[in-house]
Amino acid sequence: MEHNPDHITAHDHAARAEASYHYGLVKRAIEAIDQHQDGPLSLDQLAQEMQMSSAHFQRVFSKWAGVSPGRLQQYLRLGHAKSLLEERFTMLETSGAVGLSGSGRLHDLFVKWEAMSPGEFARKGEGLTIFWGWFESPFGPALVMGTDKGICGIAFGAETGEAAAMEDLVGRWPKATYVEDPMMLRPWAMAAFGADAAGAEQPPLYLIGAPFQIKVWEALLAVPTGHVTTYSEIASTVGHKKAVRAVGTAVGRNPISWLIPCHRALRKSGGLGGYHWGLPVKRAMLAYEAAKTDM
């Protein structure tokens with residue numbers, strides 16, 4: 001793998017530090033809220049739990065989610081997933097044979113995707129050049145990978161650590177050539193995380209997976225922002241009603257986190273289920289989307 005740390009600018013380091021700081025505060029807020037299940041905390045109480053002034057706390061969280069800390073607290077609560085399931089459950093249309101390309105609306109963008117053929121997938125990335133870079137995101141440092149066809153991987157390192165996130169994605173396509181090139185990926189990454197980048201391209205997606213996985217990921221792309229579905233609903237959609245466990249595994253193997261919204265898949269009970277990059281990240285994503293779509 002080609003890797004040159006000199007490519008990482010002081011601005012990149014500062015941006016990633018800020019992303020880590022904001023996500024770290026969100027995680028601490030989740031922990032504080034979980035410890036007070038008897039009722040919502042006041043702004044002053046929550047700020048005190050976070051060891052911050054109320055004014056600074058209000059400013060940081062309003063910047064992160066665009067809503068007041070009081071509203072955000074509602075979305076960060078452990079029971080929020082169950083509320084989403086009751087109020088914003090999405091039934092998915094049954095899909096036919098797996099396709100190798102498609103399009104749909106995602107995060108208010110019209111996104112095109114293409115999948116690697118099964119024969120190419122079996123070669124484990126041989127002959128493929130994958131560019132990578134780390135970027136700021138609302139959920140901590142994000143590792144973005146892409147080919148000339150589009151984004152093929154997004155991982156989050158806040159819970160797992162950056163080295164583990166890198167190892168995880170590289171391990172999926174071990175025979176590929178990896179080249180660090182954040183400048184090539186920057187327009188896609190900025191569009192993916194909603195940065196204010198005039199003229200940024202809408203990020204095309206390049207799905208690298210087995211045919212069954214691609215069907216599951218395609219079903220996830222049909223779940224609108226701010227809504228959720230269940231693992232069993234996805235199983236029915238892809239024509240394997242009894243394969244809920246296999247669907248859960250395929251959801252967990254989604255390489256393009258956030259853009260292919262595996263965080264919107266819940267258990268029928270309203271439980272969060274799992275999340276490959278850590279459950280606090282999943283809770284933060286669901287809260288972030290609920291805040292953005294409730295405005």
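**Aromatic pairs and strands**

The structure holds eight aromatic pairs. Rings of Phe, Tyr and Trp (its six-membered ring) pair if their centres lie within 6.5 Å; planes under 30 degrees apart count as stacked, over 60 as edge-to-face and the rest as tilted. This is a predicted model: local features need pLDDT of at least 70, side-chain atom pairs count only at pLDDT 80 or more, and totals for chains, interfaces and linings use all residues. Residues are numbered from 1 along each chain as its sequence is written, and side-chain values use heavy atoms, with hydrogens and water left out.

User: What is the angle between the planes of Phe-139 and Phe-156?

Analyst: Phe-139 sits in the loop between strand 3 and strand 4, and Phe-156 in strand 5, 17 residues apart. Strands are DSSP runs (E, at least two residues), numbered from the N terminus. The ring centres are 6.0 Å apart and the pair is edge-to-face, with an angle between the planes of 80°.

User: Is strand 4 largely enclosed or exposed?

Analyst: Buried means under 20% relative accessible area, exposed over 50%, partly exposed in between (1.4 Å probe, protein chains only). Ala-142, Val-144 and Gly-146 point one way and Leu-143, Met-145 and Thr-147 the other, and all are buried. Six of the six residues of strand 4 (residues 142-147) are buried, so this strand is largely enclosed.

User: Which residue in strand 5 is the bridge partner of Thr-147?

Analyst: Strands pair if DSSP finds at least two bridges between them. Six bridges join strand 4 to strand 5 (residues 150-156), and the two run antiparallel. Their hairpin has two residues between the strands, and the partner of Thr-147 is Gly-150.

Definitions and conventions:
Helix = DSSP H or I, 4+ residues; strand = E, 2+ residues; numbered from the N terminus.
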